[in-house]
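I wanted to get my bearings in a structure I had not looked at before.

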Amino acid sequence: GGGAQTLVAAGDGKDASDQKADDNVDASQAQGGAAGGDYKQYMDYSKYMNGGAQGGGNPAMFAASDPSVPASAADCNTTGQLKAWRKQSLGRVDQYTPKAYQHFAEAPIEQEYSKNL
């Protein structure tokens with residue numbers, strides 16, 4: 001007969017696919033777990049957030065805007081509110097926009113400020 005044959009490597013009783021599976025298990029164990037690494041250290045994302053158990057995160061990053069400052073220049077009823085809106089808006093630009101591009105974001109704020117004076 002012409003039946004299928006299984007090759008045996010050096011008397012260990014395993015075929016090539018068994019050896020490959022063993023190699024994968026060995027590599028996985030060397031990396032620290034079945035999923036290819038110790039991912040459990042990242043499971044508690046609260047330590048990366050504001051108010052997490054570890055106190056991590058940047059509170060200023062998640063801080064809400066000053067509630068006494070109107071959300072838009074059109075909502076301002078006094079010059080003081082308008083100045084506060086402008087200061088807060090420009091502060092956000094300064095914090096989150098690279099220096100080279102700040103003038104692009106500042107121009108519409110200044111325009112809105114002047115329009116509502």
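My notes follow, starting with the ground rules.

**Ground rules.** I'm working from a predicted model, where local features need pLDDT of at least 70, side-chain atom pairs count only at pLDDT 80 or more, and totals for chains, interfaces and linings use all residues. Residues are numbered from 1 along each chain as its sequence is written, and side-chain values use heavy atoms, with hydrogens and water left out.

**Layout.** I looked up the elements and got four helices and zero strands, running α-α-α-α from the N terminus. Helices (H or I, at least four residues) and strands (E, at least two) are DSSP runs, numbered from the N terminus. Of the 117 residues in the protein chain, 15% are buried. Buried means under 20% relative accessible area, exposed over 50%, and partly exposed in between (1.4 Å probe, protein chains only).

**α3 against α4.** How do α3 and α4 run relative to each other? Their axes come within 10 Å and cross at roughly 175 degrees; I take axes as lines fitted to C-alpha atoms, for helices over the stretch in contact, with angles from 0 to 180 degrees between N-to-C directions. The two helices are therefore roughly antiparallel, the word for angles over 145 degrees. Residues of α3 including Leu82, Trp85 and Leu90 meet residues of α4, among them Ala105, Ile109 and Tyr113.

I also checked Gln102, which sits in helix α4. Gln102 is buried at 8% relative accessible area. Leaving out residues up to four places away in sequence, Gln102 touches Val93, Asp94 and Thr97; contact means heavy atoms within 4.5 Å.

**Salt bridges.** How many salt bridges does a search of the whole structure find? I got three, each being a side-chain nitrogen of Lys or Arg within 4 Å of a carboxyl oxygen of Asp or Glu.

- Arg86 and Glu110 pair at 2.9 Å, N to O. Arg86 lies in α3 and Glu110 in α4, so this pair ties together parts 24 residues apart in sequence. Arg86 is partly exposed at 29%, and Glu110 is partly exposed at 27%.
- Lys99 pairs with Asp94, with the closest N and O atoms 2.8 Å apart. Lys99 is exposed at 62%, whereas Asp94 is partly exposed at 42%.
- Glu112 and Lys115 pair at 3.6 Å, N to O. Both lie in α4, three residues apart, about one turn of the helix.

**Loop residue.** My last stop was Met43, in the loop between α1 (16-30) and α2 (59-62). Met43 is exposed, with a relative accessible area of 57%.

Terms used. Parallel < 35°, antiparallel > 145°, perpendicular 65-115°, else oblique.
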